[in-house]
Amino acid sequence: MGGTMCKAEEKRKGEEVLTSVEKFRQHITKQSGYNVMSLPRRGLKETPGELWELLELDKLNLSLNSLKVLPPQLGLLSNLVVINLWGNQLTSLPAEIGQLRRLRVLFAYRNRLTDVPEELGSCTELEVLSLANNELSSLPASLSNLTRLKKLNLSFNHINHIPACVYNMKALVFLHLACNNLESVAENIQALVELKILIIEGNSLHSLPKTLCCLDRLELLNLDFNDITDVPQEMYQLSRLERLACHPLDKGLHILHNPLPKHLLDVMDGGLNNLYKYLQDV
């Protein structure tokens, strides 16, 4: 009789587990053909165990919670194309994130990340990566493999030098590096030939490499609030900038908030075209 009771108890517990997962599965919604689980602002301090059994998930939103750790089971959700982790308290990402080979968008901004796992370089389908507002000082060399990445946001970190891997992300259209500790931009910035938006405001740049002027697709170049005292003569080649810009969202060249010499500021009073004419005539 005791054996029969044990079997009944095991069966009951099994049904409870199944019921729990199935209840969780009811929160999946269909959006544009994707299976989406959205759990923002739930006060979560840890992820529900049932979550890692939902192998059909395509998009997962865990933003604005109180998560400090993501378990290795994250790697089980191999169908994920989008994962949103912003606004938590994560100090690291699990190495198993590298198993998400279909991942195209990763939002991990406004956390407490001090590093990024090398395994993230295995997510070669990534197109959008935001690591802004963390405590990063570098990126692993393995991220050189992210050759499909189009948008990278590293603003508000502790980066002294643009990580070497960034210069290999040749599909980048948008690169945001504002409010770090950058003192220079390497000459191989010219490799990022697809760049349309480059934001480096709020750093400690003293000069600009001539090769920056090879990025002739740039439509917005924000260099404000640095220590720049001169500009490369070749800057007139950046013909798509079109104007001197003031508002942070305006396209054009943002450079007036720097300790530029008076003769350059006088030239710029006539606008960007006047600056370009001056540089061509020098």
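1. Glutamine 31 has tyrosine 34 in S2 as its bridge partner. The model is predicted, and the points below should be read with that in mind. Another bridge to S2 pairs lysine 30 with asparagine 35. Overall, S1 and strand S2 (residues 34-38) are antiparallel, with three bridges between them.

2. Is serine 32 buried or exposed? Its relative accessibility is 76%, so serine 32 counts as exposed, the cut-off for that class being over 50%.

3. On its way into the sheet, S2 also pairs with strand S3 (residues 59-61), in the parallel sense and through three bridges. One of the residue pairs here is methionine 37 with leucine 60, the latter in S3. As a general point, strands of a sheet pair through backbone hydrogen bonds, and the pairing is either parallel or antiparallel.

4. The sheet as a whole is open and has eleven strands, in the order S1-S2-S3-S4-S5-S6-S7-S8-S9-S10-S11, with mixed pairing. Strand S1 (29-31) and strand S11 (252-254) each have a single partner strand and stand at the edges, so one side of each has no neighbour in the sheet. On average, neighbouring strands of this sheet are turned by 10° against each other, direction ignored.

5. The chain has three helices and eleven strands, and in sequence the pattern is α-β-β-β-β-β-β-β-β-β-β-β-α-α. The radius of gyration is 24 Å, whereas the globule rule gives 19 Å for 282 residues; the chain is therefore more spread out than a compact globule. The box filled by the C-alpha atoms, taken along the principal axes, is roughly 100 × 30 × 30 Å.

6. Some totals for the chain follow. Of the 282 residues, 46% are buried. The accessible surface is about 14200 Å², and carbon and sulfur atoms account for 49% of that area. Among contacts with a separation of 6 or more, 30% are between residues 24 or more positions apart.

7. Asparagine 153 sits in strand S7. With a relative accessible area of 17%, asparagine 153 is buried, since the limit for that class is under 20%. Which side chain does asparagine 153 join through a polar contact? The partner is serine 155, at 2.7 Å between the side chains. Beyond residues up to four places away in sequence, asparagine 153 touches Leu129, Ser130, Leu131, Ala132 and His176.

8. At 15% relative accessibility, histidine 176 counts as buried. A polar atom of its side chain lies 3.5 Å from the backbone nitrogen of alanine 178. With neighbours within four places in sequence left aside, the contacts of histidine 176 are Leu152, Asn153, Leu154, Ser155 and Ile199.

9. Phenylalanine 156 belongs to the loop between strand S7 (151-153) and strand S8 (174-176). Phi of phenylalanine 156 is near 55°, which is a positive value in a residue other than glycine.

10. Leucine 198 is in strand S9 (residues 197-199). At 0% relative accessibility, leucine 198 counts as buried. Which residues does leucine 198 contact, leaving aside neighbours within four places in sequence? They are Leu175, Leu212, Leu218, Leu220, Leu221 and Asn222. Asparagine 222 is 24 residues from leucine 198 along the chain, yet their C-alpha atoms are separated by 6.4 Å.

Note on methods
Residues are numbered from 1 along each chain as its sequence is written. This is a predicted model: local features need pLDDT of at least 70, side-chain atom pairs count only at pLDDT 80 or more; totals for chains, interfaces and linings use all residues. Side-chain values use heavy atoms; hydrogens and water are left out. Two strands pair if DSSP finds at least two bridges between them. Helices (H or I, at least four residues) and strands (E, at least two) are DSSP runs, numbered from the N terminus. Axes are lines fitted to C-alpha atoms, for helices over the stretch in contact, and angles run from 0 to 180 degrees between N-to-C directions. The radius of gyration is taken over C-alpha atoms; the globule rule is 2.2 Å times the number of residues to the power 0.38. Buried means under 20% relative accessible area, exposed over 50%, partly exposed in between (1.4 Å probe, protein chains only). Contact means heavy atoms within 4.5 Å. Accessible areas come from the Shrake-Rupley method with a 1.4 Å probe; for residues, only the protein chains shown count as cover. A polar contact is a pair of N or O atoms within 3.5 Å; within protein, one must be able to donate a hydrogen and the other to accept it, and residues adjacent in sequence count only if both atoms are side-chain atoms.
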